[in-house]
Amino acid sequence: MPAKRKPKLAVWKFASCDGCQLSLLDCEDELLAVTDKVAIAYFPEASRASVKGPYQISLVEGSITTRHDAERIQKIRKVSKLLITIGACATSGGIQALRNFKDVKEFVSLVYASPQYIETLDKSTSIASHVPVDYELHGCPINKMQLLEVISAYLYGRKPNVPPHSVCIDCKQRGTVCVMVAQGIPCLGPVTHTGCGAICPSYNRGCYGCYGPMETPNTASLSAWLNRLGVKEEGIVRAFRSFYAYSEPFRKESELHEKQDD
Amino acid sequence: MKNKTIKVACLSRVEGEGALSVKIKDNKVVDVKLKIFEPPRFFEAFLRGRAYSEAPDITARICGICPVAYQMSAVHAMEDALGVTISSQVRALRRLMYCGEWIESHALHVYMLHAPDFLGYPDAIQMAKDHAPIVKRGLQLKKAGNEIVTLLGGREIHPINVRVGGFYKTPTKQEFAPLAEKLKWARDAALETVRWTSTLTFPDFEQDYEFVALRHPDEYAFNEGRIVSNRGMDIPLCEYENHFTEEHVQHSNALHSKTKEGGAYFVGPLARYNLNFDKLPAPAQEAAQAAGLSAVCRNPFKSIIVRSVETLYACDEALRIINEYERPEEPSSPVQPRASTGYGCTEAPRGILYHRYQLDGNGSILSAKIVPPTSQNQKTIENDLLNFIPKYLDIPEEKLVLSCEQAIRNYDPCISCATHFLKLHIERE
């Protein structure tokens with residue numbers, strides 16, 4: 001296939017750690033094969049060269065935290081046939097959404113000596129709260145094999161095979177004994193979206209929810225269990241307020257427990 | 001072109017977002033500003049009220065390229081605060097994990113981000129069309145580093161196995177066997193990388209820098225040591241803030257670090273190499289010398305060779321640790337919260353990364369301070385451009401812009417880290 005007929009892929013960055021876009025470069029065995037099929041048209045972390053849109057696929061990393069970025073995502077949507085968000089920041093606001101529960105002005109003055117130089121929005125928000133998103137890939141960081149699956153699915157016009165069940169199912173599949181039942185270790189696995197491969201329990205620690213909420217999670221039941229394991233209310237708030245703090249199910253659950261402290 | 005403005009819309013092949021603006025008046029560079037657009041994320045603010053145990057996983061998210069560095073500085077700072085001693089095997093495993101991150105991060109920078117500048121390609125993918133075996137070697141070397149991090153950390157980005165006191169789980173000796181085979185290939189590939197980078201063409205550019213790095217009496221420092229410089233500084237970690245300050249300038253969302261005397265300083269591979277050459281084992285020293293380096297290198301463009309030497313060292317060190325490994329009885333030491341303050345400083349791939357935490361009696365974080373390597377190098381990068389550009393004012397603008405970008409990439413700047421960085425804009429009046 002001549003180079004000019006390859007579909008164009010763009011990678012965009014907002015507030016984030018660069019880890020999810022690095023996942024593409026971390027496909028050491030597959031990267032050159034991917035570039036046989038798609039033209040990397042815009043990817044500043046990897047290339048000086050850029051090709052103008054429109055783009056067949058835009059991968060968007062990071063959350064919206066400035067007025068300028070809120071305008072930029074609108075322009076990106078206009079030049080993208082498919083817009084796919086990659087990672088916790090782009091799909092839920094990320095760890096930086098912890099500001100959403102506080103007064104951002106106080107945060108600015110805690111970190112910066114001259115707060116008047118800093119331009120930031122009150123809240124860190126997901127891409128989908130600004131523009132329509134075609135597909136959201138979860139994880140902090142995303143799973144690179146899932147990223148390859150999503151890219152190839154869209155290239156061939158099929159639905160990505162990315163299951164939505166909880167981390168619990170993965171533990172059962174890989175034969176990891178439940179850390180919560182057997183060892184009494186608090187674990188977010190029952191409410192957390194699969195994708196990581198249930199790594200934490202296989203390393204003897206509880207899941208900390210870095211893939212965000214599974215579909216229809218029963219967070220209330222899990223909180224009750226955490227409580228029985230000795231986790232205090234503020235511990236439950238912290239457990240739900242990490243990398244997916246501003247996803248709706250985790251946010252609501254954390255707010256319930258915050259209120260009980262009042 | 002006496003007075004002029006040159007613009008580059010977006011600085012590429014760096015981690016994060018920023019720009020550079022250069023003002024030229026009467027054929028003199030009058031101002032250089034490294035602008036960091038990367039939006040602030042306020043880690044130091046939202047760490048307040050979190051548990052001491054959460055710092056390694058939260059601060060890892062400052063940077064997806066060097067999460068291990070954040071985890072290491074965080075756990076050492078917490079252990080300093082809480083008076084925790086770690087076992088010798090836990091110490092060795094942390095060093096091994098750091099070797100993995102150095103190999104991964106250095107191979108990424110040498111092959112994917114920096115080499116295309118020297119060979120005249122926009123990126124490694126285009127470079128692969130003419131130099132496929134080289135790019136493939138780089139990718140496999142990077143992969144070997146990632147495999148160390150994955151075995152010890154569960155995954156390469158934001159590993160999950162690091163905790164205050166040690167690890168959640170330690171590997172068995174047998175689990176290292178396949179990795180050791182890969183590392184034997186990687187150390188040869190790294191040696192080849194040193195030879196290959198030494199054949200590149202380097203601009204003649206040497207500066208009198210103040211290099212700052214950790215120094216340890218017995219080894220090439222990763223996790224422990226005193227902070228030293230080539231101008232006589234020799235301080236324990238807890239005195240860091242008495243010797244360095246952060247300045248908030250309008251053009252950057254990253255704070256600029258400087259010495260208390262107001263000087264710029266240089267952290268990262270070149271600083272480590274210059275201050276700790278004597279601590280490198282013979283094979284790394286010999287490879288450096290065969291590549292034309294002496295014990296001190298003041299040309300930042302040659303950092304690509306130094307990164308390759310450090311990659312070779314990291315492979316050898318990883319093999320040594322794996323060879324001597326005995327699984328510790330306990331994966332971590334017990335930790336008891338107490339009201340205290342702790343300091344941590346480790347050698348991230350890009351240079352020293354400083355953490356300080358103040359904790360209350362329950363182990364809750366009262367305040368946090370994090371100084372990443374790129375914010376420490378910002379002033380030095382600006383100075384390099386001030387001194388570098390005047391020599392090249394007569395070359396075509398496109399080439400000048402490329403040379404400026406290359407001069408910035410010498411530092412492997414990580415803008416995501418520094419904003420707690422690059423579009424190029426040269427203005428000639």
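This is a predicted model: local features need pLDDT of at least 70, side-chain atom pairs count only at pLDDT 80 or more; totals for chains, interfaces and linings use all residues.
Student: What makes the link between Lys143(B) and Asp29(A) a salt bridge?

Tutor: Two things have to be checked, the kind of atoms and the gap. A salt bridge needs a side-chain nitrogen of Lys or Arg within 4 Å of a carboxyl oxygen of Asp or Glu. In this pair the closest N and O atoms are 2.4 Å apart. That value is within the 4 Å cut-off, so the pair counts as a salt bridge.

Student: How many salt bridges does the rule find across the interface of chain B and chain A?

Tutor: Across that interface there are seven salt bridges. The rule also finds 27 residue pairs in polar contact there, both residues being at pLDDT 80 or more.

Student: How do you know which residues take part in the contact of chain B and chain A?

Tutor: Contact means heavy atoms within 4.5 Å. By that test, 66 residues come from chain B and 60 residues from chain A.

Student: Why is an area given for an interface as well?

Tutor: The size of an interface is often given as the accessible area lost when the parts come together. Chain B and chain A bury about 5,400 Å² between them, and carbon and sulfur atoms give 62% of that area. In chain B, Phe42(B), Ile125(B) and His248(B) lose the most area to chain A, together 13% of what that side buries.

Student: Let's turn to the inside of chain A. Which domains does the assignment give?

Tutor: Chain A has domain 1 (8-155) and domain 2 (167-261). Their centres, taken over C-alpha atoms, are separated by 25 Å.

Student: What makes up the count of salt bridges between domain 1 and domain 2 of chain A?

Tutor: That count is zero. Polar contacts follow another rule, and seven residue pairs meet it across this domain interface, both residues at pLDDT 80 or more.

Methods
Residues are numbered from 1 along each chain as its sequence is written. Chains are lettered from A and ligands numbered from 1 in the order in which they are written. Side-chain values use heavy atoms; hydrogens and water are left out. Domain bounds come from an automatic or database domain assignment. A polar contact is a pair of N or O atoms within 3.5 Å; within protein, one must be able to donate a hydrogen and the other to accept it, and residues adjacent in sequence count only if both atoms are side-chain atoms. Buried area is the accessible area (1.4 Å probe) that two parts lose on being put together, summed over both.
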